[in-house]
Structures are given as C-alpha cells and as structure tokens.
Amino acid sequence: MPDLTNYEQSLASGRLEGLGLAIGKIQNVDSMSVDQGKVVSTEPKAGEKVAEGSAIKLNISTGRVEVPEVIGMSESQAVEAFAKVGLRADAQSSYSDRKSGTVIDQAYPKGTKVPVGDVIRISIARPRPAPTTVTTTATVTQTAPPGTTPTDGQTTPTDGETPPQTPPEDPAQTG
C-alpha cells in the first residue's frame, strides 16, 4: 500500500486504480496538518501489503479543526492549546473579578469546527481599577492693604492717611 498522505483526492484515486486497487469508503476527517481536500490517511495503512482489487478507504481532510475549551486557563496555556490544533488566539483584556490573567470567555465554544489557522478571540481577566476619590480643599485668605485693618468691609486710615471726603451737598442744587 503506497503512502498517499497529502495527495489530492483525485490523484490518490488515480494512483490506487493504477495499482489495481479499488476506491473504498471516502471519509472526511479534521486535520490541522493536511490541507482541505487532501488525503490524511488510508485504511489499510501505508506500507501494509494488500491484495490486488482490495478496496482502500481514504480519509480526506476537511481543513477544519475543533476549538478546544480554554476558559479558566492562563493566557499562555490558551495560546498553546490553540496552537496544538492549528489555531491562533487574539487575547483582549476584560475587567473581571475572576483571577487576573485567566481566560474568562472565548469566541467559539468547545467543539465548534473552524478552518485551520483561524484566529479565535479570547477575553483575559484583568482586575477592575480601584475607585479613585479626589478630595479638593480650598483655602481662602483675605488680606488687607498694608496699614489697614479690615472691619466689615471698611478700612480705617492709619499713619497720617486722610479718609476720602464726600463733598457737602450744595443746597442750591437740590430741589
């Protein structure tokens, strides 16, 4: 039995027929290492002896993989879990009361089939910022000009200053 891994399905079928073997069941399987539409494996396996005319099962790649469950893992563990199945993570911070640095959400639930190489968004817990309290204290200081003492908004002259005089009213101008 020849090794047909990574052969396009049509080329693998032609090769088997050329060797006097029949095409058996064709089954779609998920594979992160074999492109969609290509042979992942055969049954019987490559290298096994088979009788002429035997039907050979072809396992053909869907080009998809299942999303693993990463909630509760650290960010680095989640990135590694995705890489193992041919996926990438897009980590975004999210305020949470859960343990900082752990995955609290993922864009696709466990078992969802997605194309190999897809980027999956994950939310990473970050502590909520501490509430900030701003206290403003204002101090107002009123100062009087030198040589004066404030009293109910009035000033008292000192050091020979003369208070402003109001001119007397001219009785001829009133009335």
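Which side chain meets that of D30 in a salt bridge? In this predicted model, the partner is K113, with an N to O distance of 2.7 Å. D30 belongs to the loop between β1 and β2, whereas K113 belongs to strand β7 (residues 113-115), so the contact ties together parts that are 83 residues apart in sequence. Both residues are partly exposed: the relative accessible area is 29% for D30 and 40% for K113.

The chain as a whole contains 2 helices and 8 strands. Read from the N terminus, the elements follow the order α-β-β-β-β-α-β-β-β-β. The chain has 175 residues, of which 23% count as buried. Of the contacts between residues at least 6 apart in sequence, 67% join residues at least 24 apart.

In helix α1 (residues 9-18), the buried residues are A12, S13 and L16. Viewed down the axis of α1, these residues fall within an arc of 100 degrees, so they line one face of the helix. The face turned away from the buried side carries S10, L11 and G18, which are exposed. Cover for the buried residues of α1 comes from elements including β1 (22-29), β2 (39-43) and β3 (55-61). Just after α1, G20 adopts a positive phi of about 80 degrees.

Strand β3 is itself mostly covered, with 6 of its 7 residues buried. β3 pairs with β1 in the parallel sense through 6 bridges, and S61 of β3 is the bridge partner of V29. The pairing of β3 with β2 is antiparallel and involves 4 bridges; here I60 of β3 stands opposite V39. A salt bridge also connects the side chains of K57 and E43, at 3.6 Å from N to O. K57 is in strand β3 and E43 in strand β2, 14 residues apart. E43 counts as partly exposed, at 40% relative accessibility.

A further set of 3 strands forms an open sheet with mixed pairing, in the order β5-β8-β6. β5 (88-95) and β6 (103-106) stand at the edges of this sheet; each has a single partner strand, so one side of each is left without a neighbour in the sheet. From one strand to the next, the twist averages 30 degrees. Strand β8 (residues 119-126) runs antiparallel to β6, and 3 bridges join the two. Within this pairing, D105 has S123 in β8 as its bridge partner. Helix α2 (residues 75-84) packs on the sheet and touches β5, β6 and β8. The direction of α2 makes about 165 degrees with that of β8.

R126 is partly exposed, with a relative accessible area of 27%, and E75 is partly exposed at 29%.

Methods
Residues numbered from 1 in each chain as written. Predicted model: local features only at pLDDT ≥ 70, side-chain atom pairs only at ≥ 80, totals over all residues. Heavy atoms only, no water. Buried < 20%, exposed > 50% of the residue type's maximum accessible area, 1.4 Å probe, protein only. Contact = heavy atoms within 4.5 Å. Pairing = 2+ DSSP bridges. Axes fitted to C-alpha atoms, helices over the stretch in contact; angles between N-to-C directions. Arc of directions from axis to C-beta. Salt bridge = Lys/Arg side-chain N within 4 Å of Asp/Glu carboxyl O.
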